[in-house]
Amino acid sequence: MKSLQTVATESRKAEHIRIALERDVSSRVSAGFEDVELIHNAVCEIDLSEIDTGVTVMGKRLRLPLIIEALTGGTREAKRVNMGLAEVAETEGIGIGVGSVRAAMEDPSLADTYSIVRDRAPRTLVVSNIGAVQVAKHGSEYALKTMEIVGADALAIHFNKLQELIMPEGETCFKGVGNHVAELSRRLGEKLCLKETGAGFSGEAARLAESWGVKWVDVAGVGGTSWYAVEYYRSGKHDSKASMLGKSLWDWGVPTAVSIVESKMFTRSLRVIASGGVRTGVDAAKAIALGASCVGIARPFLVSFSKGGVNEARRLVKSFELALRSTMFLVGARSVEELCSVPLVVRGRTAEWLEQRGLLKRLLNGRRSP
Ligand SMILES: Cc1cc2nc3c(=O)[nH]c(=O)nc-3n(C[C@H](O)[C@H](O)[C@H](O)COP(=O)(O)O)c2cc1C
C-alpha cells in the first residue's frame, strides 16, 4: 500500500505535466535576450565547418552547450518522457536532468521512472534533482542517495521559494540548508549545482552559494516557464493562497539575462548554466556572451516530445544547433570560449537594471570568462 504522501507526490507530478502542456504558463515578462545584441563581424578568418561547440559541464564533455532541464519523474507517463528525452540527450551529446527524485525517496518502486534516464543515456551528463527544503530537512546523505537512485553524474538542488509559497502543500522552511550544501560541496566539488526553477538568482544569492563552496548555479530566471503560473492553475479557485494572491506574483524574480550577469559579477569564479526562457540557439549565444558556460531548456522539450516524440525533440536540438553555429559564424567565434568575449550591446530594460546595479560598464568593458 502506498502512503498518502506518496500518492500526493505522484499526482502532483502528473498534474505539473498536464498543466505545463495544456495551459499558458509562460512568464509575461521577457528573459531579456532581445535587449542583447551581439556585434556582427564581417571581416574575419573563420571556417563554418571548423566551429567547435563543445563544453565541459560539471565534469562531463558535451557536444553542445545545452542541457535538457529537470522536468519529471515519479509516474509512468514521466518514465516515458524521461526515456525519450534521455535517448535524444545521448545521441545529440547534450546533458539531461531528471525532475525532483523525492517521489522515489518516498516510494522506492518509482526508482525506475528516474533511472531509465541513465539506462538510455549511459555516457552523457545526467543530473539528479532534489528540493532545498528536503535537503534542509533530511541532510546531505539524503541528497546523495538521490544520485544513487538515478545513477547520476551530478546533483542539482532546487531553491523554489516562489513555488513552495503558493503550493497548497508547500513547505517554506529553508533554515539549516547552508551547512548541508557546504558538506555536499566538499564531497561533490564540480558535480554540485544550485538551481532556481523560474525566479532566477540575484548576485547576492549567487555570492552566498559561492561562499558555501558551490561551483555551479543554474539561474532558471524569469522569462520562460512561470512556476507560479503552474501552481496557480493547479491550486484551483478555492485555494486560499492562489485566490488571495491572484496573478500578482506571476512574474516575480530576476529575468534570465540579468541573472547571468549578476551571478557572474557578484562572484569570483562561479560558473553559470542559463535557463528560463532560453528558446533558440541565438538566445544561447547571447547567454554565453553574457557569461554563461552552458544553457538549459525545459518546457519546450516537454511540449515537442508530447507532440512528436523523440523525432520532434531531436528536431529542437537540431534547430538549436543550427542557430548557435550560425550566430558563432556571424560574430567570428570559433569556440564557445571565444564566444564569451565577443563585443555586445545591451539596451532597454536589461540595460536599465544592470546600470542601477552598477554592473553595466563592467559588463561592456570587461572580458567575460566562462
Ligand atoms: C513540467 C515541469 C516540471 C519541472 N520540474 C522540476 C523539478 O522537479 N525540479 C527542478 O529543479 N525544476 C523543475 N522544473 C523547472 C525547469 O527545470 C526550469 O528551471 C524552468 O522550467 C525554466 O526553464 P524553461 O523556461 O525552459 O521551461 C520543471 C519545469 C516544468 C515545465
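Which residue in β8 is the bridge partner of Ile 157? The model is predicted; local features need pLDDT of at least 70, side-chain atom pairs count only at pLDDT 80 or more, and totals for chains, interfaces and linings use all residues. Residues are numbered from 1 along each chain as its sequence is written.

The bridge partner of Ile 157 is Leu 194. Strand β7 spans residues 154–158 and strand β8 residues 192–195; the two pair in the parallel sense over 4 bridges. Pairing requires at least two bridges found by DSSP. Strands (E, at least two residues) and helices (H or I, at least four) are DSSP runs, numbered from the N terminus.

A barrel is closed by 8 strands with parallel pairing, in the order β4-β5-β6-β7-β8-β9-β10-β11. From one strand to the next, the twist averages 25°. Angles run from 0 to 180 degrees between N-to-C directions, with axes fitted to C-alpha atoms, for helices over the stretch in contact.

Helix α6 (residues 140–150) lies across β6 (126–131) and β7, at about 140° to β6. Helix α12 (residues 256–265) packs on the sheet and touches β9 (216–218) and β10 (271–275). The direction of α12 makes about 175° with that of β10. Contact means C-beta atoms, placed from the backbone, within 7 Å.

Key. Contact = placed C-beta atoms within 7 Å.
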